[in-house]
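Good morning, colleagues. Please turn to the sequence and the structure on the screen.

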Amino acid sequence: MAAEPSPRSSQPSKKKHNRKRTRQDVELERFDSLPWNPALPDDDPFSVVVGTNELEGGFLSLEEIDEAAYGLGIPQPGVGNRKEKKDKQSTKSNKRKPSDVDGGSGAAEVEKEMEEEEEEAEADELSEKDENLKTKKKKKKKKKNKKKKTENEKENESHKVSNGKNDVEDELVDEAEYYAWNELRLHPLLLKSIYRLGFKEPTPIQKACIPAGAHQGKDVIGAAETGSGKTLAFGLPILQRLLEEQEKTARMFEQNGEEAERIAPKGFLRALIITPTRELALQVTDHLKAAANGIDVRVVPIVGGMSTEKQERLLKKRPEIVVGTPGRLWELMSGGEKHLVELHSLSFFVLDEADRMIENGHFRELQSIIDMLPVVNSPIEVDSQNTQNCATVSSFQRKKRQTFVFSATIALSADFRKKLKRGSLKPKQSLTDELNSIEKLSERAGMRANVAIIDLTSASILPDKLEDSFIECREEDKDAYLYYILRVHGQGRTIVFCTSIAALRHISSLLRILGINVWTLHAQMQQRARLKAMDRFRGNEHGILVATDVVARGIDIPGVRTVVHYQLPHSAEVYVHRSGRTARASADGCSIALVSANETSKFASLCKSFSKESFQSFPLEHSYMPEVLKRLSLARQIDKILRKDSKEKAKKSWLEQSAESVELVMDDYDSEEEIVNSIKQKKATSVQLNKLQQELNMLLSHPLQPRTFSHRYVAGAGVSPLLQHQFEELARQNRPESQGLGENKRRKLVVFGQDCVEPLQALRSAGHKVHMDGKEIADKRRNMDNLRKKRKEEKKRMKDQRRKQRKRLKMGSE
Ligand SMILES: Nc1ncnc2c1ncn2[C@@H]1O[C@H](COP(=O)(O)OP(=O)(O)OP(=O)(O)O)[C@@H](O)[C@H]1O
């Protein structure tokens with residue numbers, strides 16, 4: 001019997017607006033009206049009730065799926081029938097959307113709220129000290145809100161306009177392009193979301209994980225290159241299964257008249273997704289919300305830096321999916337937060353960037369979280385444990401928990417693979433064991449036998465379209481090369497990675513003095529500042545972010561064209577993740593490693609780790625370097641003075657604060673002479689600072705030019721496209737032929753191409769490709785060592801010879 005689709009999730013919504021129906025509306029409605037087959041077997045293989053269907057996997061076995069029922073009506077490739085209107089914004093469902101529940105705009109909203117709450121908290125603090133300031137802040141906030149409102153209104157208007165325009169233009173979309181999704185037998189509502197997101201076909205990892213995770217109900221260990229769509233590879237199976245469950249509940253309600261709430265009570269935590277960083281948790285939340293658009297599933301982030309009130313507000317909605325960082329999650333769970341400790345209904349446990357979790361600072365909390373999860377894999381244990389613990393949850397909701405472990409760099413031992421195959425894993429074997437490997441972590445999380453291991457990483461692990469390059473230089477020249485890269489090849493978004501916060505502070509300060517606007521991001525920053533930096537970087541297509549490895553994993557910012565490794569990472573895995581911030585989703589990208597002499601062996605072993613052909617030497621135009629070094633020398637001097645000054649100020653204020661805290665009156669013990677000297681010194685420093693600044697400003701006011709620069713040549717690096725165009729126009733006017741002058745007449749003006757291209761372009765157009773692989777570097781090093789050894793031996797031999805000669809002479813004279 002074909003039951004009616006669930007009124008909650010699959011009923012097409014009635015349109016309020018009486019606007020002209022677009023072709024996409026028709027197509028999206030077609031998704032709604034598909035004969036989705038909710039005739040699921042009652043003997044749910046995922047139910048823990050003993051004696052149920054032994055099929056591994058979801059509610060449906062593959063055979064039970066009626067292909068036609070899942071068909072989108074999208075024609076077979078080659079059958080023709082193109083012409084589909086793409087109007088992503090036009091169809092708005094009247095259904096309750098999860099994002100509506102959470103306040104409307106995903107993690108971005110959470111970020112904004114977090115910012116506002118922190119501002120409020122700051123304002124409150126200040127209120128005790130300064131009432132006026134508080135009023136000012138509030139006024140500022142009101143102004144900000146008003147501005148935001150106007151911006152939103154404007155945006156809405158522009159949407160309306162663009163929608164109207166789309167109606168007229170009737171943009172064409174090839175229906176057959178989406179055909180590949182059909183094979184994955186996803187719920188029409190999910191397909192609708194995918195259609196809206198414009199993802200024409202599943203990525204290979206999605207293709208491999210969705211059948212295993214969504215239809216066979218398997219645990220999945222997934223590895224694929226960075227930017228290959230792993231989030232949806234675990235996200236879509238979760239949403240699919242939750243949707244299936246909703247369908248089934250509705251069907252049982254229709255058939256037996258059983259109360260839906262009694263069959264499957266709502267408001268329990270169904271999926272817990274853990275990520276190593278806050279930024280990643282917010283990003284995954286946004287991504288899942290976009291995929292769950294129009295589906296009655298709530299996704300919320302729980303991360304450090306979030307205010308308690310906001311957190312409570314989010315959890316009060318009793319979301320089905322929580323995405324969080326281990327620290328904050330454990331803090332709440334250990335504190336007994338109701339929604340997070342009712343884990344009997346948890347059906348999905350996900351570790352994103354799993355290998356990062358075993359690193360210091362994460363695994364203890366993670367271990368505690370895992371220990372809190374109920375053991376659900378043995379039916380007997382489940383019966384005895386969970387049924388008692390939770391009378392409110394029916395067997396319908398108590399499924400075998402699925403565990404998903406994902407990363408771009410998971411390395412599993414052959415022994416562990418064998419164990420997984422044999423099914424000899426024992427969850428939570430020894431509670432005293434530390435989770436210091438991905439294997440123990442998976443075992444402990446209750447990974448079941450016959451897990452699907454989907455490893456799509458090629459031997460090189462690095463994305464195909466990533467161009468790896470390096471610059472060999474002295475440690476003290478790294479700043480100069482970084483400045484060169486940013487100034488001469490500064491197009492597109494760039495992330496500069498440092499291993500230490502000290503190095504990050506050093507280069508960001510230097511670059512700012514040199515007039516390059518950079519944003520910084522590291523773990524010691526306040527959450528508000530972290531989010532702000534990320535937001536601003538996202539908002540600027542030529543933005544530069546200087547960051548530590550906190551940004552290395554998972555962060556997905558489109559248009560990052562270049563990654564610079566200012567300091568080499570500690571491991572090849574981190575190199576993969578850092579470089580993976582570019583060349584995402586089949587885009588191009590380039591990575592440049594600055595390699596100093598004491599990093600060569602590290603670099604050689606890095607090269608050896610990837611079976612990529614070779615790393616290219618980054619093409620450098622050395623004639624720029626004298627000018628670069630001149631600027632850098634001034635910037636360093638300025639930086640030194642500023643640092644000294646701020647250090648003194650910090651020391652002074654620390655002394656004053658300490659004295660104040662113990663109610664000490666600070667006496668000025670300096671003699672008059674000392675005071676006069678100090679004032680003189682300050683004046684001299686200030687004069688020197690001004691002089692240096694003026695000198696630097698003079699240099700910065702001209703575009704960076706190579707040493708051979710002649711003023712007859714007017715264009716060059718740092719010239720804006722507009723200026724470049726004007727120069728070209730000027731050159732055209734000055735050309736001898738346009739002035740009727742002879743060919744041999746000397747040109748007054750010569751324009752050469754603007755150097756400000758992106759590093760990738762520079763790499764590709766470099767005629768002189770110098771390849772250097774690990775072997776080459778190691779050989780070079782070995783040769784150097786041999787040479788040194790030979791020289792030493794030669795020296796020693798000469799010394800011995802001289803000594804013997806002296807001895808002989810001495811003996812002769814005697
Ligand atoms: N099927 C698809 N087609 C096109 N783009 C997709 C598809 N699936 C995901 N994407 C996009 O690809 C980008 C990378 O996805 P995602 O962040 O999930 O990659 P990842 O494999 O998790 O990367 P990392 O290993 O760095 O965390 C995102 O911008 C996402 O929107």
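How many residues does helix 26 have, and how far does this helix reach from its first C-alpha to its last? Helix 26 (residues 672-700) has 29 residues and reaches 42 Å, close to the 42 Å expected at 1.5 Å a residue; the expected span is 1.5 Å times one less than the number of residues. Helices (H or I, at least four residues) and strands (E, at least two) are DSSP runs, numbered from the N terminus.

This is a predicted model, in which local features need pLDDT of at least 70 and side-chain atom pairs count only at pLDDT 80 or more, while totals for chains, interfaces and linings use all residues. Residues are numbered from 1 along each chain as its sequence is written, and side-chain values use heavy atoms, with hydrogens and water left out.

Within helix 26, Leu692, Leu696 and Leu699 are buried, that is, under 20% relative accessible area (1.4 Å probe, protein chains only). An α-helix has 3.6 residues a turn, so residues three or four places apart point the same way.

For the chain overall, there are 29 helices and 17 strands, and 49% of the 814 residues count as buried.

Terms used: Buried means under 20% relative accessible area, exposed over 50%, partly exposed in between (1.4 Å probe, protein chains only).
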